[in-house]
Amino acid sequence: MKKFLFALTATVALTAASGAFAEDKFKACFIYVGSKTDGGWTQAHDIGRQMVDKELGDKVETVFLENVPEGPDAERAIERFARSGCGIIFTTSFGFMDPTIAVAEKFPDVKFEHATGYKTAPNVTTYNSRFYEGRYIIGQIAGEVSKTGVAGYIASFPIPEVVMGINSFLLGARSVNPDFKLKVVWVNTWFDAGKEADAAKALIDQGVDVITQHTDSTGPMQVAEERGIKAFGQAFDQIEAGPNAQMTAIEDTWGPYYVKQIKAAMDGTWEGGKSTWDGLKDGILSMAPYTNMPDEVKAQAEKTQAAIESGELHPFTGPVNKQDGTVWLKEGEVSDDGTLLGMNFYVEGVDDKLPQ
Amino acid sequence: MDIFQSVLLTIATASTPLLLAAIGELVVERSGVLNLGVEGMMVIGAVCAFAAAYLSGNPWIGVIAGIVAGAVLSLLFGVLALSLATNQVATGLSLTLLGIGLSGMIGENFVGRAGARLPNLDIPVLTDLPLVGRLVFGQDPLFYVSIALTAAVMWFLFRTRTGLTLRAIGDNHKSAHALGINVLKYRYLAVMFGGACAGLAGAHLSLVYTPQWVENMTAGRGWIALALVVFASWRPWRVIGGAYLFGAVTIGQLHAQALGFGIPSQLLSSLPYLATIVVLVLISRDRRLTVMNTPASLAQPFVPDR
């Protein structure tokens, strides 16, 4: 056991120290909540880091630490990075928010970037992606291709991010089919391929013919392929798991943002205290190729995407009612970002009671 | 396919890996050894099964690889906990940590790949029978293996002399030793059987349940299998009941959610655990029977003294 623990510590230390020889290079460090090959969230961040290597490799060295649990351990890991000469540290999970702020106070000269949080400091910025823009597009596609007029949504936890996605999907679907219905199943996990697949099967057995998910595995995509229905990929292009099922996927593309921020940190133009919430137009979010759908649906999806990118269309534009029928957004009114980031209610038409 | 059959098929798929892992662990614990490394052996089985099936293109080679991988890892447990008489709880826990770490390393290049799927049974005419055709004649091969294995373990433990000896060792290894029985040999074989079963359960996950490899894909199923053995008070027929009850309530609550009854999903998600515990506690009310079935020297290290 002791030996094993030693080996474990040594591995972690080695990972952290990899390539620590070139002292004159600018050091950019990444803290991951999962493994860099998780096929989803963390892998998307690591692909972003690899892009930094590719584009700035001669001036920047990147270092990462995987499988860092959210909580006190995270603070230790971030602090060790800060002490080891990192110029900028990216903490890539919501749960790293408080540890990031705590360490940032102690190291005013180090720059910190926290993903998906809401707390900033003079040397801490936050960055996030407007995933709901992609969800509006896939909702619209579902609304057009579904024959039963009911889609299934496999959801993880009832946090604003997920609720926002469900609402956006339904609004997209109802923009082309006003009677569209949405069945939601909460699996209370981010990552359990088997359970996600079971949820997909249950939804299909109950008559949905399009499924989408806000969980991280390709389990549901495989079920969709097997049962011959359509689905959308999550965080990653999952076409290999569903060559006939995937119509498109919402892909996270962190690389350009990382390159931009690291460049800014190196030439002194980096600004702290900012919150970046980018979307399709900034390239932080992109759609996998539209496929397995009729040409006119594809054309419509491309049109919607272009409209969102140009700012002409905002998914949360009135008239929109809340689930209980009360008015949320009046005709032409656009939701402010604050309401979206704290979203704790369904819009009209979701066939589910929001867990509180 | 009608919804009735489809739901039952989903339940069977969800329950099979639990049953496979639990029935193996039951034999291990009946021999007086507590191996908490089920999760680790299962996840190693899953990754090795996937890798072998992916590289060879033959899912059956994957199944064999899963079984062998689970058994090999359990052998490591055997050397530490049986030959060196280390603390079984600590050794089992570290086996799980080792399994999860090692599987991540082995599987690094297999994440997200489309693997080989173990095909379902397909008998002309019979499989297409209405209502029960798919259920009885059209499931994945490992489903039939899991049922047959449970029956075989029942027969072995309670109808054969070797099974009696194994149970005697689990109840009192000193007496068994005094009778001239090679305690460690029996325990090694039991531990390896448990490892093979856990590896097979893992193979079911990565070749049938969701034919792919993702890190940590067992997602706690090894621990549920362990709990099932205890709640079933070490009796095979109760393990099968427990595994299927757990699977049924898991799938049932997903359907309840999709139907939109408006019951809080957190409550529904905890139902499988609650239901399984309540039912198994209720049927274990007979204390005398429970005590009789509990292996008395469970988790106690055995060092042959002379």
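Biologist: Which residues touch the most other members of the largest nonpolar core?

Modeller: In general, nonpolar side chains in soluble globular proteins tend to be buried together. Here B:Leu207, B:Trp213 and B:Leu228 touch the most other members of a 76-residue core. A nonpolar core is a set of buried Ala, Val, Leu, Ile, Met, Phe, Trp, Tyr and Cys residues joined through side-chain atoms within 4.5 Å, and buried means under 20% relative accessible area (1.4 Å probe, protein chains only). This is a predicted model, where local features need pLDDT of at least 70 and side-chain atom pairs count only at pLDDT 80 or more, while totals for chains, interfaces and linings use all residues. Side-chain values use heavy atoms, without hydrogens and water, residues are numbered from 1 along each chain as its sequence is written, and chains are lettered from A in the order in which they are written.

Biologist: What is B:Leu207 in contact with, leaving aside its neighbours within four places in sequence?

Modeller: Contact means heavy atoms within 4.5 Å. Among the partners of B:Leu207 are B:Phe50, B:Pro59, B:Val63 and B:Arg117.

Biologist: How is the size of an interface given?

Modeller: Often as the accessible area lost when the parts come together. Between chain B and chain A, the buried area (1.4 Å probe, summed over both parts) is about 3,100 Å², with 51% from carbon and sulfur atoms. B:Glu215, B:Leu254 and B:Ala258 supply 17% of what chain B buries there, more than any other three residues.

Biologist: How many salt bridges are there between chain B and chain A?

Modeller: A salt bridge puts a side-chain nitrogen of Lys or Arg within 4 Å of a carboxyl oxygen of Asp or Glu. The count here is three. B:Arg117 and A:Glu226 form a salt bridge at 3.4 Å, N to O.

How values were computed: Buried means under 20% relative accessible area, exposed over 50%, partly exposed in between (1.4 Å probe, protein chains only). Buried area is the accessible area (1.4 Å probe) that two parts lose on being put together, summed over both.
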